[in-house]
Amino acid sequence: MLRFALTLLLFTLAFGVLSSSPVFSDLILAKVDRRIDLTSQIVRITTSLKVENAGSNPISEILLSFPENQAKHLAYLTATLNEGKGKGKASSGAGLPTEVVIPKDVPDSLTFYSVSLHKGLGKGESLLLDVLAVFTHALEPFPEKISQADIQLLLFQDTAHFLSPYKVMVQSVAVKLPEARVESYTKLEGTKLSGSELKYSPFHNIPPFSYLPIIIHFENNQPFAVAEELVREIEISHWGNVQVTEHYNLFHGGAKNKGEFSRLDYQARPYVRGASAFRRLVARLPPRAHSVYYRDEIGNISTSSLWGDSKKTELEIEPRYPLFGGWRTAFTIGYGLPLRDFLFESDGKRFLNFSFGSPINELVIDTLIVKVVLPEGSKDISASVPFPVKQWQETKFSHLDLVGRPVVVLEKNNVVPEHNEHFQVYYKFNSLSMLREPLMLIFGFFFLFVACIVYMHADLSISKSSASYLAKVQWEEVQATVQQIHNIISHCLTAHDKLEASLRDLSRTGDVQACKATRKSVDSLLKGVSKDLKPLVTFLQSSPQAAHILPKVEELIAKERDLQERLMAKHTTVVDCYEKKLGGREIENRIASNQQKITSLRQEVDDLMEFIDEI
Amino acid sequence: MNQRGKISSQTPQLQLHSPAPYHSLVFSISKSHSQTRPLRFSQPPLTLSGSQTLPAAVALPRLSPSPRLASTLGFTLNPRVASPPAPFSWPSMAASDAPNGDVLIRNAFGSVLAFLILLLIGVLAFSIRLFSVIKYESVIHEFDPYFNYRVTQFLTKNGIYDFWNWFDDRTWYPLGRVIGGTVYPGLTLTAGTLYWFLHSLNIPLSVETVCVFTAPIFSAFASWATFLLTKEVKGVGAGLTAAALLAMVPSYISRSVAGSYDNEAVAIFALIFTFYLYIKTLNTGSLFYATLNSLSYFYMVCSWGGYTFIINLIPMHVLLCIVTGRYSSRLYIAYAPLVVLGTLLAALVPVVGFNAVMTSEHFASFLVFIIIHVVALVYYIKGILSPKMFKVALALVVSIGLAVCCAMVAVIIALVASSPTKGWSGRSLSLLDPTYASKYIPIIASVSEHQPPTWPSYFMDINVLAFLIPAGIIACFSPLSDASLFAVLYIVLSVYFSGVMVRLMLVLAPAACILSGIALSQAFDVFTRSIKFQLPSLSDHSHIDARDASSENIVPDDTIKTDKSEDTPKERMTKRSKKKEKEPVEKPPTKFQIKKRLSVLPFEASIIAVILLVLLVAFYVVHCVWAAAEAYSAPSIVLTSHSNDGLHVFDDFREAYAWLSHNTDVDDKVASWWDYGYQTTAMANRTVIVDNNTWNNTHIATVGTAMSSPEKAAWEIFHSLDVKYVLVVFGGLVGYPSDDINKFLWMVRIGGGVFPHIKEPDYLRDGQYRIDSMATPTMLNCLMYKLSYYRFVETDGKAFDRVRRTEIGKKYFKLTHFEEVFTTHHWMVRIYKLKPPKNRIRGKNKKSKSKTSSTTTSKRKGTRRNPF
């Protein structure tokens, strides 16, 4: 309240000083209509001005002035020329360019914006100008701290007279309030409160820089969602996706909660005991948004719902807990969008056309940082934004980047939904660069495998002449040789089995010829084998490392020979007997002694084989 | 079963080759289509030839898998197999080239198949653990993982040196905790390394993502390590089976689902890999592996306190080997470097430090270290002395040695006895004496995972493996090698330990998988072989032909080999023989066929057995998937319930933590029971009084005392600790059973253990814990009761507690020293703020009054010496 009184004092002072200053120009405001919208936390003041040139010189700019306490909350200002007849809001054309100017001979407590007209306003001519000024944080909660059950009351202060460097002929003010309940308001002559609309009746012939403070104290339980900081990251992938990630740092900007929070009360009567709190926000995402997520740093937040049609996607998010005055929360929402909806090409340049502000309804953003991450290898980057922003470039490293992706950063303070205009980022990009990362991966794996193959094939021993290395090599040769001998002998044994098998066949079928044929083939096989065996044995004999194996090997070969001979003898005997058509018992008797030897020999050979195999 | 089957079927097969009368041969051949019969007839002569053929049959399991599954992985890249042998050098044998190539291709195929199977096992191990991510979300689970996550965040942000020096002032207020010196850094460093590696490749995964997926990645590694270990014990087939079993064993899944970012996740891999390297060293006698083994042991020490299991199991195995006369130089190489290097390395880990030589858990290894040296010396002396001299020397040494040993043992016992817990830490003592903890340390007994497991939990956690383990043990005894002895010892010990503490089921799981893998693979081996040799198409007659054909095939193959190896350069030879043990050598077919045919079981029986085994394994798989999906994937910070109108999500914990984190001052202190300490520091980033690292019993007891005191006394304790908020977990509204009221008795017990004015019987009515109208006044007036049930009656008018299933005793009361500042949506977490002291002068008066009246000395000390 003290602060309020101070500002009041200041303006009375300013008014006193200014009233004596000279008339600013020859313009006269014939009619001023102000409509103040206080239904949400964002204050929107629409002023329609009828400007007349009473002087002789054509005038090309019109000054708009705001007191300091409003100017610092001013988030958005446009002025449009209203050429249509009547009161219809047919403001034609784009907004006129406005800029801050500091004219001479005016006090510091006023901020001036100049609206430049396309063509000068000649003598005696008039025009209609619609000015929309949007303010944030212009509503002060009073009392500043309330308990859970209290309603939220707000103070709004403004001037009843239109503060302007020009003379105003006729002026009216209409204030639109959210609810019928008004705690108090400055009563002036002819003030009318009807329903939720407060009207200050026409004022006539207001001198320049006149200021008549009014204060409205009213109830407003609208969500006061304020994003302290919002970082929007828009990442373009030329594989067909625009990924948007928005990090919100949100708080309730209304009257602060006194501390105690009873869930019981809140759950029992949420709209009475918690009227000032808000529990959900609605974000309108572009159509065809996919892979939407909503989380914070400790994980997914499960209270959200999503629905959409061909025109929009609506995401309703609910923070983890209802936000009472002064409570904070932080979360991230992210979604993917089809690239073709937002990326276009012109004059050999690509450009991204994307909306600047947050998709969440009626959200005030104190600091908005928009980062546009362009694909790696983009060149000639420029951004065009319809209003002044801070702009610089960064580099971001992501997914296998080598030089990093260029990032265009746009920063703006005090952002309101009116700023949801499209901005463009122009850049040049060669489509072939898209293939760089897949190729990198392919070659990476390729070289990995090549390296593996090379490693498996190369001998990485450090010294090839050291004694231990040579000994090792020799030992390996010996091993290999022994292995070969082992193999050969095992083939001999197979051949023996074949012989035995042929004998069995013989006993069954009596086919002597087949048996003989087998014998012949086995004979030739064994002969060849014994030839192979010789060089191997000589090698073993010559090698010093094989000294302790050699006797075993030789024993094996000798035993095998013996076995072979006995088997041949047995075979011959049996075949002979069959040719002589002797009885089974007779044959058995004849080969009995041989058979025993063969069995024992076979056992020994097997044992030796196993021993050699162990080496 | 396996073994007997083999022996019983030897005799008839031998008879085929023996000089039996031809007509009897004819008989057996004619009956060959129903071979079961001669088998049964010939059972009696079993004993006659059994002694001779036993070694051959016994050698079978080790050798038989090699031609079947060809070989291992390294083989795939072997030049000899990769390049087909030059067939044109033998034009005359051109006809047999195709089958020759066939053999090679089959071998190569086998190893590629094994490789692919391993790869798939890795994928399986990874993906079965993703149920938690798919069903819930990618989030860190439970309690301890949040601490690890927080440490990892610190590590990635501040670097390794800051990590070692990190003094955490956000926990154990006002004491703080030296994190760098009290944490097992293995897991954190692993995830940190993973994170740095990914970021050096510019792959921007968040720390959380890396942490969530560390456990599944390491379970894939663990299953590969299991393959290696089992391969060393029983060959490739058993290895693959064991790896597949481990990949989905529920016990391990419970600790390594995605998000369960706990020490055990990497420690089990380290454990198995250390065992593998030990066995590998034991089998090869290579110092290289011995060194690797101690490095792996170092990693294990870094990762988990369970490393003491290794350092006790390996010495036991060494001792067992020595006792059973299996001492060899390989054993020495496997053990001695591990003790020396391993102990040195272990002492480098700050949290272990000098414990590596000073606590009793490590003494066994040193004792065995001495013994193995004595044994080595004895063997050496035996080698250089004549037997007579040796006997004399033995008598001399034994008498002197005994004296020295007695002296040393006396010294050690004296040293151990002089330390308060006899040199054993509480957890280890409770391993040896399960009743120790519940008797003396309530804080250990209060942890649910320190309770002994129940029988159902065995079935839940290892399922059918429990029944396969005995078969595996039997398989390990045929033949008994050093490696299989180790497997047996491992299972026996881990079964014992798992019976003591449910947490150690985790150590049992790999052992169970290894032995079941061995059992399954041996069983399949026997049955499929029986089937293969008795398929109608392979009847005896044609079989011999087949054998002929195969022997013909082999011949050119070998001659080619001979030819080739003669002109291969020396390097090739080195390379090849380096992998000699991996390379499948063309074994003489005859011998194998004899042996294979020795162990043939009845055809029908084999088929049925195989089907039953497949069913058993299928049951296991179904159970594992169920366990992974339903039982173990819940992150426990998000709860869900299914009701008629769909899925309900209870996200109250995070709601409360998020509220704390955003709406309280950064330096506010939050008091809660220690269970929620880690989560509060990690998620809410607020200073806590006690947390899950229960290192200071007194501090926990202080909080316990405060919770069990009346409001005013509690306020004083909390105020003296500078606490601003008190957090309680309350499940009464929605029926969440593990809330603070159910844990309250432990608070009383732990508090009473330090502050004797808190007496457990005061809170019990006739020995029963109750909160209804029969409850004691002490119970109804304690802070925990009040904070939990504050205004609870207004929800339904009756104050019906859904967990305790009763109406509460005291329904209407007001809080005078606390105010409710936040309660979550389902009332599961309630946060109260301490009201500021009303009037300083009055407060002082009250304090002095209370000093004289009831409060204990310790509490007075707290209020008087309030340093904050």
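**Reading strands and a helix**

Mentor: Strand β28 (residues 379–384) of chain A and β31(A) run antiparallel and are joined by four bridges. Strands are DSSP runs of E with at least two residues, and helices are runs of H or I with at least four, numbered from the N terminus; two strands pair if DSSP finds at least two bridges between them. The model is predicted, so that local features need pLDDT of at least 70 and side-chain atom pairs count only at pLDDT 80 or more, while totals for chains, interfaces and linings use all residues. Residues are numbered from 1 along each chain as its sequence is written, chains are lettered from A and ligands numbered from 1 in the order in which they are written, and side-chain values use heavy atoms, with hydrogens and water left out.

Trainee: In β31(A), which residue is the bridge partner of Ser382(A)?

Mentor: Tyr426(A) is that partner. Strand β31 (residues 422–428) also runs antiparallel to strand β26 (residues 349–355) of chain A, through six bridges; there, Phe354(A) is partnered by Phe423(A).

Trainee: What span should helix α10 (residues 144–158) of chain B have?

Mentor: The expected span is 1.5 Å times one less than the number of residues. For the 15 residues here this gives 21 Å, and the end C-alpha atoms are 21 Å apart, which agrees. Gly159(B), with a positive phi near 90 degrees, follows α10(B).
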